[in-house]
Each structure stands twice: as C-alpha cells, then as structure tokens.
Number of protein chains: 2
Amino acid sequence: MFKAKVYVTTKANVLDPQGAAVQRALHTMGYGAVEDVRIGKYLEFVLETNDRAQAEADLKKMCEQILSNPVVEDYRYELED
Amino acid sequence: MFKAKVYVTTKANVLDPQGAAVQRALHTMGYGAVEDVRIGKYLEFVLETNDRAQAEADLKKMCEQILSNPVVEDYRYELED
C-alpha cells in the first residue's frame, strides 16, 4: 500500500486568474507583501498494491490522462510507503 | 524574500464529493487500486519581506482568514528562503 500525493499547478507562462483574485484580496486585507500567487490542486490517495514500480507507472499515467491538463498544467507527485 | 507553499485539505471527517468523483473516474478507467481520494488546494506565493517571524505570523493569519475555511478545512504551510 502506497500513499500518493499529487500537485497540479498552472504552467508559469499561463494566466492564473484565480491566483490573481486571491492576491488582490490579500492586498486589500493589508497583506501587501504577497506577490506571484499561483493556485493549483493537491490530491492525496491510497494505492492498494505492493508493487512500487507498477504504482509509480500507474500514477504517472493517471496524472497525464485525468488528473492534470498537460497543455496548461504541470504536475509532480510523491509516492510514500 | 520568502516562498510560501500552502496546502488546504478538507478535514478527514468531512465529505469530499470532488474526491469521490475523481475516484469513480479512475476506477472506470481501470485504476481499481485507487482508494481514499481527497482533493484540496495548493497555493504558492512570494512574501516580499526579510523578517521571517513577521512572514510566518502573516502567513498563519492569511491561512485562517481567507485561504482556508477552518470549519471544514485543515491547512499546513511551508516557508522557504
């Protein structure tokens, strides 16, 4: 059994309107030191298998096929025992 | 200047319909080993200050006031130089 953590972020050259909105809100609330806000997704799940190589191969395919949109998003993942 | 990374997740005892939907989709696509999918938010931003204690205090307040909903969500953060 492995625990997977996946981070999906918009690519650096893609506009992130959600991040821009949060940044404006933070500035309005007095946190003027905040810059370059980017918002992404964070996923956690369990992989019920004992084969680490298989788990990692599956995880990579999942990220590319459904968990991220490779045109505008990057992903990275961690696989923990 | 510090780089902040904030992870916001639904509390363990709160339903996560988005996670349940992704889990069903993954099962349908043949990834039956996936269980307990939880989806949260991942935020990255820069704090334009040299005062680490102030940066950390601000970050904590931001998390509690706007970046998470403490009723149903947990947060954790990392502050990097």
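In the predicted model, a salt bridge joins the side chains of Asp74(A) and Lys11(A), with a distance of 3.2 Å from N to O. Asp74(A) belongs to strand 3 (residues 73-80) of chain A, whereas Lys11(A) sits in the loop between strand 1 and helix 1 of chain A, so the pair ties together parts that are 63 residues apart in sequence. Side chains of opposite charge can pair when their charged atoms come close. Over all chains, the count of salt bridges comes to ten.

The interface of chain A and chain B presents another picture. Across this interface, zero salt bridges are found, while twelve residue pairs are in polar contact, both residues of each pair being at pLDDT 80 or more. The elements of chain A that each give two or more residues to the side touching chain B are strand 1 (2-10), helix 1 (17-28), strand 2 (34-47) and helix 2 (52-67). Strand 2 of chain A gives the most to this side, with 14 residues. By class, the side of chain A that touches chain B holds 18 nonpolar, three polar and ten charged residues. Chain A and chain B each bring 31 residues to the contact. Between them, the two chains bury about 2700 Å², and carbon and sulfur atoms account for 67% of this area.

Strand 2 of chain A also takes part in strand pairing between the chains. Its partner is strand 2 (residues 34-47) of chain B, and the two strands pair in the antiparallel sense over eleven bridges. Within this pairing, Leu43(A) has Ile39(B), in strand 2 of chain B, as its bridge partner.

The arrangement of the two copies was then examined.

Methods. Residues are numbered from 1 along each chain as its sequence is written. Chains are lettered from A and ligands numbered from 1 in the order in which they are written. This is a predicted model: local features need pLDDT of at least 70, side-chain atom pairs count only at pLDDT 80 or more; totals for chains, interfaces and linings use all residues. Side-chain values use heavy atoms; hydrogens and water are left out. Contact means heavy atoms within 4.5 Å. Buried area is the accessible area (1.4 Å probe) that two parts lose on being put together, summed over both. A salt bridge is a side-chain nitrogen of Lys or Arg within 4 Å of a carboxyl oxygen of Asp or Glu. A polar contact is a pair of N or O atoms within 3.5 Å; within protein, one must be able to donate a hydrogen and the other to accept it, and residues adjacent in sequence count only if both atoms are side-chain atoms. Helices (H or I, at least four residues) and strands (E, at least two) are DSSP runs, numbered from the N terminus. Ala, Val, Leu, Ile, Met, Phe, Trp, Tyr, Cys and Pro count as nonpolar, Asp, Glu, Lys and Arg as charged, and the others, Gly among them, as polar. Two strands pair if DSSP finds at least two bridges between them.
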